[in-house]
There are 2 protein chains.
Amino acid sequence: MHDIVIRDGLCFIEGKFIECSIGVDGNKITHVAKEVEGGEIEIDAYGCIVMPGCFNAHTHAAMTLMRGYAEGLPLREWLEKIWELEARLDDEAVYWGTMLACVEMLKSGVTAFSDMYIHMHAVAEAVGETGMRAVLGYGMADRGDEERAKKELEIGVDFAEKWNGSFEGRITTMLTPHAPYTCSPEFLRKVAEISREKDLLKHIHLSETLWEVKETKKKFGKRPVEFLDSLSFLDSNTVLAHAVWLSDKEMKILAERGASVAHCPTSNLKLSSGIAKVAELIEIGINVSIGTDGAASNNMLSVLSDARIGALLQNLRGKSLNPVQWLKMATENGYKAYKLNGGRIAEGYLADIAVFGKTCRNSPMHNPAAMLFVENQAIHVLVDGVLVMEDGILVNVEEDKVIEKAENAAQKLLEG
Amino acid sequence: MHDIVIRDGLCFIEGKFIECSIGVDGNKITHVAKEVEGGEIEIDAYGCIVMPGCFNAHTHAAMTLMRGYAEGLPLREWLEKIWELEARLDDEAVYWGTMLACVEMLKSGVTAFSDMYIHMHAVAEAVGETGMRAVLGYGMADRGDEERAKKELEIGVDFAEKWNGSFEGRITTMLTPHAPYTCSPEFLRKVAEISREKDLLKHIHLSETLWEVKETKKKFGKRPVEFLDSLSFLDSNTVLAHAVWLSDKEMKILAERGASVAHCPTSNLKLSSGIAKVAELIEIGINVSIGTDGAASNNMLSVLSDARIGALLQNLRGKSLNPVQWLKMATENGYKAYKLNGGRIAEGYLADIAVFGKTCRNSPMHNPAAMLFVENQAIHVLVDGVLVMEDGILVNVEEDKVIEKAENAAQKLLEG
């Protein structure tokens, strides 16, 4: 008898869709085969698609509060407007903003996410409550100020040490300096040192805009990846968000160092940043995952919707990739980037699973992989072996209450 | 007492969102104000967004049957694969493919669409049955063969005359030659003549790819718009699908002739065609509407999803437009292009209306216009003053049966 059984679904296994059943015990997938014994909980997935949960590899969850705010501005001007609001955030606002993000992500089949923000203990509490998995870091920026550098690093390291492994291991932590244009070289070097000492992941915004590339070259005589590499920042514990404007040489460096990329196609369009060379990144062997970025620069938190837009943009470039490659970017590549044993329907892997029904949007099913991008609302979701959404209803939170609380927090934020 | 009352919704009126109630009598909106008397049918829209229905200004509805087929190919190669399947279509297949398209469109808040395809009487029957509104034309292509030209024109004109005004006026008709690279100049000139004689709309694919521009220049010494203009084809009764590769001179010609454009951003990405200069088209005064194109080159039929992608692409070009402009393109500009008195919440206009609920995806509501692009599943839909979807359930058709029938038709198509 398994704890949970998901029966007779069309399962995404090793890049193929196979009719199959899944047994879950504790927080792991323990059985994948045509036949399966009974489960304490039985989920009938006949006619449904069963996917490993999506991993949102770059977001700022609480920015749901600013969804639709400051529309139509390029990154630099947009950031000025956003920073004004962020200065007013408090624990409660961040908590409810993150709760809303978790609700939206679970309903979109996202089981785990990487978050870099402020008031991070409030983020952790929300993740704990909703039942999601997350890799969390406090967004540090010293802006060249030594005093500030010390303080930021202290908050960042304290958060990482305190919350790592919390909520039965659903939360892991990382060090997250904001970007090369908001952190000094000394600060970035120090972060890299500590991450090696303490074996912590690092996550940073990099090469998002052409402005950033020009600025980095002007200030440091190097392109962003070369610059980070000169600070010994890049290794297989590093995830770079965006990575839009890379030279061939920079791609080679990333491949050699084993760093991962969190590709954010929608945010890069919305803020006029550009189109990342995903086909080339994959060709050279870099692990590419997908991030929505914050809701304010997207306006959704659906990894599958971003995979759709990412795929369309590579088509535009004449560099079409297979839908199965996009599904892997949306799932296992995210888990891999953040060193989690999930993102695959296979024995021994974390039981983070999303079930999608058959609808008018994904029929007929010539090509199930391509269909996932158009019907991106899950019906059942498991995280860490626990059923957190059943028949579209969240188990641990009241959706209406979360929406109301988040609306109130957003209202307060705007009023100042 | 009104036939139908939609009470207390946040209504999109003259580019603003206003809390308001709507009275409907017969097939028209007869009352728009804060207060309203009772209705035979009462729809409580408190907390919901109430929009004029979207108009899908360019599609081939029955191509739902090929959704996800031939993924990842550029237009020319993709067409070869698709034409192979289309040769096998029969009335029944087109009927069920169109039924599935209508179901998907209604659920996405689309109340009307423009369709150019084959077996058009089967399309008309499906439109009639689902309760949608449509402007239909038989897709004609003479390929330079005189015999064929005569036959094609006969089918096209017969269809247009027979079905114009059918189903209480929900169906209107047009002449739809496929494209300048599949129709001879003589044929296009003849179509233009007949359309003037009979006061019929014309709809054609134009300037979709750079290949087409080069080919037209090579064969006729003119760019596509100049070429059509030299055949007296362009006037205010003309809607051009795609219009991606236009010179300044071509845009000027279109503006002078009063022709409309059906912008198809997703299809243009998927088939590697390019990004249309929407900001410039609007700037010069051209009426721009939005089309999904067929499901096989999208893979959705959601006009709002296409508006979202269109908006993101103009942002990428540094030509950001206001979300309200995109909503107008998604609604009233489509009705305007096809000479229908709809697409606005205003007295005297056709009662084609879509109601969207508040969800985790569109909260908080700082900017309702921007939110419509992310939550694109309607809950109630009226077409021609009739409630055709209530609480997400279609009134006239059984969704599950349509999906099953369309799946069977698609299966038969692939098997040959």
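How many salt bridges does the rule count over all chains? The count comes to 30 in this predicted model. Side chains of opposite charge can pair when their charged atoms come close. One such pair lies within chain A. There, E14(A) forms a salt bridge with R344(A), and the closest N and O atoms are 2.7 Å apart. E14(A) sits in the loop between β1 (2-13) and β2 (16-25) of chain A. R344(A) sits in the loop between α13 (332-337) and β14 (353-356) of chain A.

Across the interface of chain B and chain A, the rule finds two. In one of them, the side chain of K358(A) meets that of E407(B), at 3.0 Å from N to O. Polar contacts were counted as well. The interface holds 26 residue pairs in polar contact, with both residues at pLDDT 80 or more.

Which elements give two or more residues to the side of chain B that touches chain A? They are α2 (91-107), α9 (265-270), α11 (303-316), α14 (368-371) and α15 (399-415) of chain B. The largest share comes from α11(B), which gives seven residues. By class, this side of chain B has 22 nonpolar, 20 polar and eleven charged residues.

The extent of the interface was also computed. The contact takes 53 residues from chain B and 54 residues from chain A. Together the two chains bury about 4300 Å² between them. Of this area, 59% is on carbon and sulfur atoms. In chain B, the residues that lose the most area to chain A are C360(B), R361(B) and H366(B). These three account together for 18% of what that side buries.

The crossing of α2(B) past α3(B) is right-handed. From α2(B), the contact is made by D91(B), V94(B), Y95(B), T98(B), M99(B), C102(B) and L106(B). From α3(B), it is made by H121(B), A122(B), V123(B), E125(B), A126(B), E129(B) and T130(B). The residues of this contact divide into eight nonpolar, three polar and three charged.

Note on methods
Residues numbered from 1 in each chain as written. Chains lettered and ligands numbered in written order. Predicted model: local features only at pLDDT ≥ 70, side-chain atom pairs only at ≥ 80, totals over all residues. Heavy atoms only, no water. Contact = heavy atoms within 4.5 Å. Buried area = accessible area lost by both parts, 1.4 Å probe. Salt bridge = Lys/Arg side-chain N within 4 Å of Asp/Glu carboxyl O. Polar contact = N/O pair within 3.5 Å; in protein donor to acceptor, adjacent residues only side chain to side chain. Helix = DSSP H or I, 4+ residues; strand = E, 2+ residues; numbered from the N terminus. Nonpolar A, V, L, I, M, F, W, Y, C, P; charged D, E, K, R; others polar. Left-handed = near helix turned anticlockwise from the far one by under 90°.
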